[in-house]
Amino acid sequence: MSDFAAMECTHGETTMDGFVAMPEGTGPHAAVLLFPGATGTGPTFEKRARELAALGYLAVGINVYGKGADLSSEQAAGAHFMALLQQPDEIRARVLAWVDALAAREDVDAARMAAIGYCFGGKCVFELARGGGDVKAVVGFHGLLETHAPAQKGEVKARVVAWCAGQDPYAPAEHIDGFRAEMAAAGVAHQVTVFSDVQHSFSDPDHDGLQPGIAYDAVADAVSWAGTVALLGEVLAA
C-alpha cells in the first residue's frame, strides 16, 4: 500500500487507522469511505480504492477495529469482528466518527461524500445511514442487513443501495425482505437488487471459496460495480 497516504480517526479511547487514495488535483474533492469485510482490507479492496481515486474521488479505506488490531489470520480478525458485533451502538458511533473525520479534511467537499461497504462493511454503511450520517449515498455489497435499531422516518439522509445475493447464508431472503420493509417504513430512498443465483462475497475474488456459501461471481461483480459508479456520478456531481 505504498502509494496510499495514512489517515486516523478517534472515537472515545479508540484510535482507528485507514489509508487514503488521492485523486489528481488540489480539491476539495468528493470523497468515498470504503469499509471492508470482517477480515480487513485486501488486494481487491485496495484496487477499488485506486479506481475511485482515478475517477476523481478521494477514497478512504477504513479500519473500525482499532489501530494495531491483529488481522493476520481469519481467526484473529474473526475475534475482533465477533467482539464488535456485541457492541452495536459502538459500531454505529465509530462509523459516524469516520464521517466527521472525513468531512473535516480541507481537501474534501463535505457536501459530496458517500460510503461503500462489503460484508461486515455493508453493515457498517447501513448503520451509518440509520444513524443519520451526512452522506449522499451508502452502498452495501453482500452486506449484513439486520440491526439493533431500525431506521426511523426523517433521520436517514443518504440514499441507500444494497446489492444482495440470493444464496447468501449470512443475509438470507428473510433478512432482505426485512431490510426492504425497514427502509420503506422509514421513507428512505433505497434500492435493493438481488442476484438470485450468487453467494456471499460475490464481488471479491480474494475470498472465493473461503467457506461454504462464499463464492465470487464475475457478472454480479461487474454489474454491481458499474451501478455503483453510475450512482456516485449522479449523487456526487459538482
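Strand 4 (residues 58–62) is largely enclosed by the rest of the structure, because five of its five residues are buried, where buried means under 20% relative accessible area, exposed over 50% and partly exposed in between, with a 1.4 Å probe and protein chains only. Strands (E, at least two residues) and helices (H or I, at least four) are DSSP runs, numbered from the N terminus. This is a predicted model, in which local features need pLDDT of at least 70 and side-chain atom pairs count only at pLDDT 80 or more, while totals for chains, interfaces and linings use all residues. Residues are numbered from 1 along each chain as its sequence is written, and side-chain values use heavy atoms, with hydrogens and water left out.

**Strand 4 and its neighbours**

- From strand 4, the residues L58, V60 and I62 point one way, whereas A59 and G61 point the other way, and all are buried.
- Strand 2 (residues 14–21) pairs with strand 4 in the antiparallel sense over four bridges, two strands being counted as paired if DSSP finds at least two bridges between them; within this pairing, G18 has I62 as its bridge partner in strand 4.
- Strand 3 (residues 29–35) runs parallel to strand 4 and is joined to it by four bridges, with L34 standing opposite G61.
- Strand 3, helix 1 and strand 4 together make a right-handed β-α-β unit, a crossover being right-handed if, with the strands pointing away from the viewer, the path from the first strand over the helix to the second runs clockwise.

**Nonpolar cores**

- The largest nonpolar core has 47 residues, and those with the most contacts inside it are L33, F35, V60, V64, W98, V138 and V160; such a core is a set of buried Ala, Val, Leu, Ile, Met, Phe, Trp, Tyr and Cys residues joined through side-chain atoms within 4.5 Å.
- Helix 3 (residues 88–103) supplies the largest share of this core, namely seven residues.
- A second, separate core has 30 residues, and A59, F195, A220 and L231 are among them.
- W98 touches, among others, L33, F35, V60, I62 and V64, not counting residues up to four places away in sequence, contact meaning heavy atoms within 4.5 Å.

- E51 forms a salt bridge with K47, with the closest N and O atoms 2.7 Å apart, a salt bridge being a side-chain nitrogen of Lys or Arg within 4 Å of a carboxyl oxygen of Asp or Glu.
- Both E51 and K47 lie in helix 1 (residues 43–54), four residues apart, which is about one turn of the helix.
- E51 is partly exposed at a relative accessible area of 23%, and K47 is likewise partly exposed at 43% relative accessibility.
- R48 also lies in helix 1, but counts as buried at 9% relative accessibility.
- The side chains of R48 and E51 are joined by a polar contact of 2.8 Å, that is, a pair of N or O atoms within 3.5 Å, of which, within protein, one must be able to donate a hydrogen and the other to accept it, residues adjacent in sequence counting only if both atoms are side-chain atoms.
- R48 touches L34, Y118, D221 and W225, again leaving aside residues up to four places away in sequence.

**Further salt bridges**

- The structure holds 13 salt bridges.
- Side chains of opposite charge can pair when their charged atoms come close.
- In helix 3, R94 and E90 are four residues apart and thus separated by about one helical turn; their side chains meet in a salt bridge of 2.8 Å, N to O, and R94 counts as buried at 8% relative accessibility.
- R112 forms a salt bridge with D109, the closest N and O atoms lying 2.8 Å apart; R112 is buried, with a relative accessible area of 16%, whereas D109 counts as partly exposed at 22%.

- G132 follows helix 4 and has a positive phi, near 85°.
- Strand 7 (residues 159–167) and strand 8 (residues 190–199) pair in the parallel sense over seven bridges, and V161 has Q191 as its bridge partner in strand 8.
- From strand 7 the chain passes through helix 5 (residues 173–185) to strand 8, in a right-handed β-α-β crossover.
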